[in-house]
Amino acid sequence: MTAQEIFFIILALIAVTGALLLVLLKPISHRVVSMAFAFMAISGLYFLLGAEFIGIVQIMVYVGAITILFVFGMMMTEHRTIVFERDPRLSHQAIGLISSVSLLGLLIFGILSMDLPQTEGYVGSAEAIGLELYGYFFVAFIGSAFLLTAALIGAIVVARKEAD
Amino acid sequence: MLAFEATWSLMTPEIVLGALAMLVFTIDFMTGIHEKKPFIGRLSIFSLLVTAVLVLVMNPQGGQIGDTFLVDPFAMVFKLIILVGVALVIMMSMNYLDRNEDIYQGEYYSILLFTALGAMIMVSSADLITLFIGLEIVSISSYALAGFKKHNIDSTEASIKYIVLGGTASAFILFGMSYLYGLTGTTSLYEIGAAMPELFADYTVMIMISLLFMLGGFGFKVSMVPFHMWAPDVYYGAPTPVTAFLATVSKLAAFGIIIRVFTLGFESIYAEWAFIVATIAAITMIVGNFIALTQQDVKRLMAYSGIAQAGYILVPIATVLNNFSITVIIFYSVAYIMMTLGAFSIITLVSEQSGRKTGMDTFAGLYQRSPYMAVAMAIFLLSLAGLPFTAGFIGKANIFLLAINGNMLWLAIIMIVTSIISFYYYFGVIKQMFMAEPKPNAEEIKVPGGIQAVVTVTLAGTVLLGILPNLLLDLFTGFNWMI
Amino acid sequence: MQLAWLIPVFPLIAFLILLFFGRLLQEKSAYVGIAALALSFIYSVLALFERVGGETYTYVFEWMTFGETSLTMGYEVTALNAMMLIVVTVVSLLVHVFSREYMHEDHRIHVFYSYLGLFSFSMLGLVLAPNILQLFIFWELVGLCSFLLVGFWYFKPEAASAAKKAFLTTRIGDVGLLIGLVLLFNEVGSFAYADIYAAVENGMVEQPMVTAIALLVFLGAVGKSAQFPLHVWLPDAMEGPTPVSALIHAATMVAAGVYLVGVMYPVFLASETALTVVAYTGAITAFFAATMALVMTDIKRVLAYSTISQLGFMILALGTAGYVAGLFHLMTHAFFKALLFLGAGSVIVAVHHRQDISVMGGLWSKMKITSVTFLIGALAIAGIFPLAGFWSKEEILASALLNGNGFLFGLALVTAFMTAFYMFRLFFKTFTGDYRGAHDDEDEADGHGEDDHHGEPHENTGFMTMPLVVLAVLAVTAGFVNLPFIGYPLEGFLTAGLNLGDQPHGELWLAFLSLAVAAGGILLAWAMYYKGSISEDFFAAKAPAVHKLLLNKYYLDELYTAVFVKPTVAVGRFFWEMDKGIVDGMVNLIGRFTSTSGRTFGKTHNGQLQTYGVVSVLGGIVVIAIAFVLRGYFG
Amino acid sequence: MTVPISYFLVLAAVLFCIGLYGVLTRRHLVIVLASIELMLNSVNINLVAFSAIGPYADITGQVFSLFVITVAAAEAAVGLAILIALYRNRDSIDVIKHDLLGTDKEKSVSTLQ
Amino acid sequence: MMGNILLWLIVVPLVGALLILTIPREYTNVIRSLAGLTAAVALVLSLVLWGMFDRGAAGMQFYEQLEWFTLGFMQVNFEIGADGLSVPLIALTTIVTLFSIVASFTIEHRVKEFYVWTLVLLTGMLGVFVALDMFLFFLFFELTLIPMFFLIGIWGGKMREYASFKFLIYTGLGSGIMFITFIVIYVQAALVSFPDPMSFSIVELTEAYTEGAAAGAVGGAMKGGMFLALFTAFAIKLPVFPFHTWLPNAHVEAPTAASMILAGVLLKMGGYGLIRVGFGIMPDQAARFATLIAVLGVINIIYGALLALVQTDLKALVAYSSISHMGIVLLGIASITEAGMQGAIFQLVSHGFISALLFFMVGAIYSRTKTRTISEMGGLSHSVPVLAGFMLAAAMASLGLPGMSGFVSELMAFIGIFGAPAEILPQAVTLGVIAVVGIIFTAAYLLWAMQRTTFGPPKEKYAGLVDAKPMEYVPMVGLLAFTILIGVYPFILSDVINTTVIDLVSKIGG
């Protein structure tokens, strides 16, 4: 077992655990924290894969921005740990679980049925990414600018609390 | 790197529209929040029309910027449809916004302009990333637009439903795309298409999973069964002009990319997915029309009708993918946008004048209250039902022809039977308008200029295309849609 | 003879005039009709004179084309229809005259005359037809007129129902006729008599087919001429005004069946079976009708059964190759039966529109002309020498004997006896004895209408008696046209140019036998109803069951109702229920299924965001799974 | 790289399905939105893994994942904005309470107020 | 082009409808007279057409073809023309419509719309009879649905909504089946003729299927399927058991004028389509399924008559009688003989007049008695003798009294069925006999109805009824006159039809 594999296993375990806890825990604040852990672990995976730039962006955006955003969202809606009454939809839960698990099964079947060649590995760089962004994917880049503008306007309009 | 060597003039319409959208936003920003600003709406319409003219002027020669931005007849026609559609939506919104002052006008218009831009990018892209960005511009703007009446329970509820389900759909699309990228190392649809036969032979299951994930995600946007569940609630809750937008521009743009992706990327394995699309088309037509039968609310009814219409548009895709089938789809799209927008503008009018109710009974005796609107609505509904001398009929007839020509008789039969079933609910509305007496307290309907204009334009389009379809068909037949 | 087409046209014009201007003319309508018929009569006489010794004249025009075939219409004057023209126009003219008085109280007299005009037109058209299709057309039209005239007093439920019954029952026969003539057409390729004769004689029509055609055509005659088993409508048809009964249901229309068999005679001759059936039908009808006539108490019904019986005679004659005999009897019968009916009409008017013979009696002294002419008629029908009936009936008996068999002959003979008996039963009960109507004036059980001039019966005016007299003269003399002594002139006239074989002629003893039988019948009637030496109830008491059976007309009406009408209606109801329940039920079920399934699908839209998600995802998985399984991706 | 790519792919699939499960069953809307983020993250794992050690490894995957991150952020922002608006209107972020728009909710406010 | 009388025929009612739209709704009398005038002009045009029609010539006359639109290699044309089959039906349409417009002068409710819809309906009906392009044919066929839906739905009786929707969906389904079949027919032929272009022209397709390339190339099973589908489509319109259940509802609920048109013309479109398209394009299949068609025809006759026999509603009785009479059409067609075909067409025309008259009479009586229940009537001869007289005349016409048009068609159909070639219709005689027996039932229900309505003792409550008004004489006399005219001298009609019929039947080779 190589170090890479060990790192992978650790990070994967953290990510999966974080994800599961996000879904399964009761207190809302714990959930957001576990989400942050999962995001961290994922960025670790990026580093493992040699995609440092993406890893850093991951930490900045997800762990930094989005998690905080969710904390804000949590704070602005429910301050205390709310407890929902018993979920009346047991069958719904079951069907949701079955759906997810069977989809997982399908995906794993698909993944395992692939016979992918093991390549040496490609190490990207921020420069390469920048060149692509301002080169081939320029249209998409401009597009994402508009996307963010639209999202910004939309989010402000919808969330804004009028003075009155 | 092709970065700055490409023929950027191809993007002129998009660039102009982007600039104008920002201009609209800026002007709105500078003119305060609470005033009535009808000029913003007019400016938006003007922007869209200018862009449309630019599309007409600049685009016909065609060309491309890498694989990320294509200018071909397909893109051009879809862009025109989108621009005209959004312009009409804005036109019908002007009255609506005057009556609903809690909606921020400037933001509303500029976001609509952004969606137009996004949709334009979406339909003229042959690259997964660009395409996805365009799609997300439309989607995220739509989520916000659906919730724009933020003090309204229905509107926000519609919005949250839309964003949760829409976000999930996006995740599915991306998940599918990620496999596609991983197995080909490219996001260009041309290259993916070129590699597809070999790829499919090697990774059958994964390719199909990715294909179906994408189909499901796009299918969410066009509201095909079983990914249609959001549509009725969102259509019902969203502000009516936004519903019109979702039912037309958003849906058709999504059809645009379905066609693009499946034509360029998956044509070589057509046999593997055509029957799935056919089955889904059949189920979509059946479910949409059947549920619509029991609806008592016009907006919900239009939602289910829209689901059914999506099924009709899927039929050509399921039958054969060639120039001809695209002609058929585009013709139907033109017809669809005309009749649906016309119908929605009248629904806007009537519901706004009936205390914001959208029950079927608000249409009672519309003929007495406003004959022109009633007749126009009747023609739109007849067109949706596919009755003669309307654009909808020609569109459907084309689809039949195609389906039967492509040995999909069973699909054609399902289509025609469900169309007949649809008579029931479309004529239910007509019955309300013409046969029922108006409610005693129903006010005289005053038709604002914007709605009048939308109705007149769409009515003219619906009838003209119904009687002289060759105006468009001859033009379309000459196109080689995809370069 | 080119002008023969005018003969039916005159009454048609009268009909049209009365249709449009009848309300203005009111009682004067009668004169329009009379004038028209008079003209028709004159032309008929001219046509006859021209025809005697002349040739058949035919005129046709194209009526309808299909493919290469043309159907034609037109008219022709043959020996047979020349004779018929005279009969029809004479009787019709006299009935027109008679009705002037008989109907004058009815404010719808113009309608009555217009119907009469229409009838005369139709009947004359029927007679003049050069092809069987045209005959059929007019055949139906006379049926219509019969319907209209029987139902003339539409407000009487019995009249309305009788009219319907008459039309329907004859229609059953017509259907047979229609099939027959269509089959004939498909064999021959033409409806024209001449072509049919030629085809049949050349053996162009195969044997079973010709029998079938003959029988089907005969079915038409059975309906129209009220032969057993379709005779049930005729007695009921007596609900119509009496002149109508005289014209339509005695002299002309009902004889059309006989005429039909006459004109189609070559076809019948080609089939032995058909002839046999015809003969037996005639004989049985004659017998059965006569038995029922024995017990009827309604004056018109007695005459109606008598008519059926006499028609049976004619059919019997035709069935036993007595072509001339049958048609001869047709003619004589037309005169004396019309006479009898008109006489009955005269009586009915005199006794204030009552028809039950038990309330009559003793009219001999009160209405001389009527009584005498009625007696002449009765003698004629009984077959007393030298009245018309004697000659024709004798010929019928002859043909039954010579070409038929003992059974037919016996039946005919018994019938002849009964004929004489019931006629004279009628005569004696009506005209002799005491008037029994006076004292039960107050309970006008079956009387019709309110009579404002109660009182003793008395003779009617000239409008009514003149026709009686004329008919009486004809009833006496009509037989002379076929006197054996001068070589059967009528026979020569009728059979000229036709290949009908030898006509049977009876020997002298047969004449005497027939005379004796008739006399016997009269004597028995005399004994029972005049002299009273045998109780009136003698036979009724002897065989009450038979009496009851006869009174109830063999329960045939009831039988038909039970066997045909009720089941049909029941089947109709069943189908209706089935239509509503199953056929339409399926339609509604599909509709309900659609909306129910729509509602069921719609249930998934419960407003729950995550339900939507689950449905979508699960649906997607199912799609994927099915696709994978179908395409075999799973291995 | 000694870790086979399929490990990463499986991990991504697992996270994707956990996210999906969260979206489908969790009642707290914030968690639902977070689950969507998780799904998008699993996409990124795929992309970056393919980009690094996939059969056709190149930089495009990383560019793609950047766009995905952008989109995810925008979506999170708009989603939370809507969530807040909803909370203001209804005082609840329980998913199952937001069911006013269903078919058989005839009682549903058929008004747009 | 502008000289084409057929085009004028389609355009005139449309222009009339548009003109009426411009008149304010208060001027009801202007609207009425304009509608009447329009229909009269159409009638005159159709009579001119009748006069100009060349009886001796086979094939289409007044033929006109304009390119309309192309779809891929599929050419849809605006193609019109008339032959001996359509000319009588065109005349029938204009006549019945004119009379129904006159008959509806009494309508006071939403007058303007009523006439607009009626004239649109007239356009549609005329369009069906002149269209020679299958696409166009279908367009007009569908166009008739909408006005009729409104006519029933707005001016109908108590159950009008149910009836109008049932009419719409049911006959709509028929049109749908028809449309699919049209396209299948076209595609099959086009595939054979590929790469030569092929249009939707009925004429061209007829040629292709009877003597052209498609004759042999398209398989028997396919052709059989197409024929049966077409038959079903038209059977719904005609209507044929078991697809008839929309008809009684629609008829009973429809206003008088609509019933007249519905029974008088709309049903005829089914028969017309069956002959023009079904028989015309696939005569061999018509022969193959002759027994089926004949059996259905016989069932229609008997079943309709039996149901009519037990109806309690006079209008329903007439409605079922329509079903019964349409059986004759099937019978005639099934015989595949000139006579039978002639009879079928005759029946279409004749039943058009007769049923319109009957429905008019029922309507006129209903407007007075306020009831359609047979048992509540009676003695109408006393209170309204003229109406009763016409009613009786109509009933007589309906039961096939010679001298009226119904007889001729029945006779022809029977000549046809009894003369049907044995190899095509082995059971011809049996079926013919059963069918002929059906006319006894016809007589039974009509006479029974007459006995219970017009005959019988006068009823107190009907004492003060007004007899026929002058305006009512127009449709009564007019329709009866046409009935009698055809009945007395059918040559005027057969002359027009004959060449076409010969042409049609000759395709089957005998």
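The legends below describe close-up views of a predicted model with several chains.

Residues are numbered from 1 along each chain as its sequence is written, and chains are lettered from A, with ligands numbered from 1, in the order in which they are written. Because the model is predicted, local features need pLDDT of at least 70 and side-chain atom pairs count only at pLDDT 80 or more, while totals for chains, interfaces and linings use all residues.

**View 1. Chain A is a chain of helices.** Chain A has six helices and zero strands. Its pattern along the sequence reads α-α-α-α-α-α. Helices (H or I, at least four residues) and strands (E, at least two) are DSSP runs, numbered from the N terminus. The C-alpha trace of chain A spans about 55 × 40 × 25 Å along its principal axes. The radius of gyration of chain A is 20 Å, whereas a compact globule of 164 residues would have one near 15 Å. That radius is taken over C-alpha atoms, and the globule rule is 2.2 Å times the number of residues to the power 0.38.

**View 2. Chain A is divided into two domains.** Domain 1 covers 1-81 and domain 2 covers 125-164. The bounds come from an automatic or database domain assignment. How far apart are the C-alpha centres of the two domains of chain A? They lie 23 Å apart. Of the 164 residues in chain A, 41% are buried. A residue is buried if 20 or more other C-beta atoms, placed from the backbone, lie within 10 Å of its own; it is exposed if 12 or fewer do, and partly exposed in between. Take the contacts in chain A between residues at least 6 apart in sequence: 50% of them join residues at least 24 apart.

**View 3. Chain A meets chain D.** Eight pairs of chains touch, and chains A and D have the most contacts among them. Two residues are in contact if their C-beta atoms, placed from the backbone, lie within 7 Å. The contact takes 71 residues from chain A and 65 residues from chain D. On the chain D side, α1 (5-25), α2 (29-53) and α3 (60-90) each give two or more residues. The largest share, 21 residues, comes from α3(D). By class, this side of chain D has 47 nonpolar, 13 polar and five charged residues. Here Ala, Val, Leu, Ile, Met, Phe, Trp, Tyr, Cys and Pro count as nonpolar, Asp, Glu, Lys and Arg as charged, and the others, Gly among them, as polar.

**View 4. Chain A also meets chain C.** Seven residues of chain A and seven residues of chain C take part in the contact. The chain A side has three nonpolar, four polar and no charged residues. Chain A and chain E do not touch, and their nearest C-alpha atoms are 35 Å apart.

**View 5. Chain D carries record-based transmembrane spans.** An unreviewed UniProt entry places the feature "transmembrane region" at residues 6-24, 31-57 and 63-87 of chain D. Such annotations may be inferred rather than shown by experiment, and the positions follow the numbering used here, with feature names shortened. Residues 6-24 of chain D are 100% helix and 0% strand, with end C-alpha atoms 26 Å apart. Residues 31-57 of chain D are 85% helix and 0% strand, with end C-alpha atoms 34 Å apart.

**View 6. Chain E holds an open sheet.** Three strands lie in the order β1-β2-β3, with mixed pairing. Two strands pair if DSSP finds at least two bridges between them. The edge strands are β1 (61-71) and β3 (198-199) of chain E, each pairing on one side only. Strand β2 (residues 74-82) of chain E pairs with β3(E) in the parallel sense over two bridges. E:Q75 stands opposite E:S199 in β3(E).
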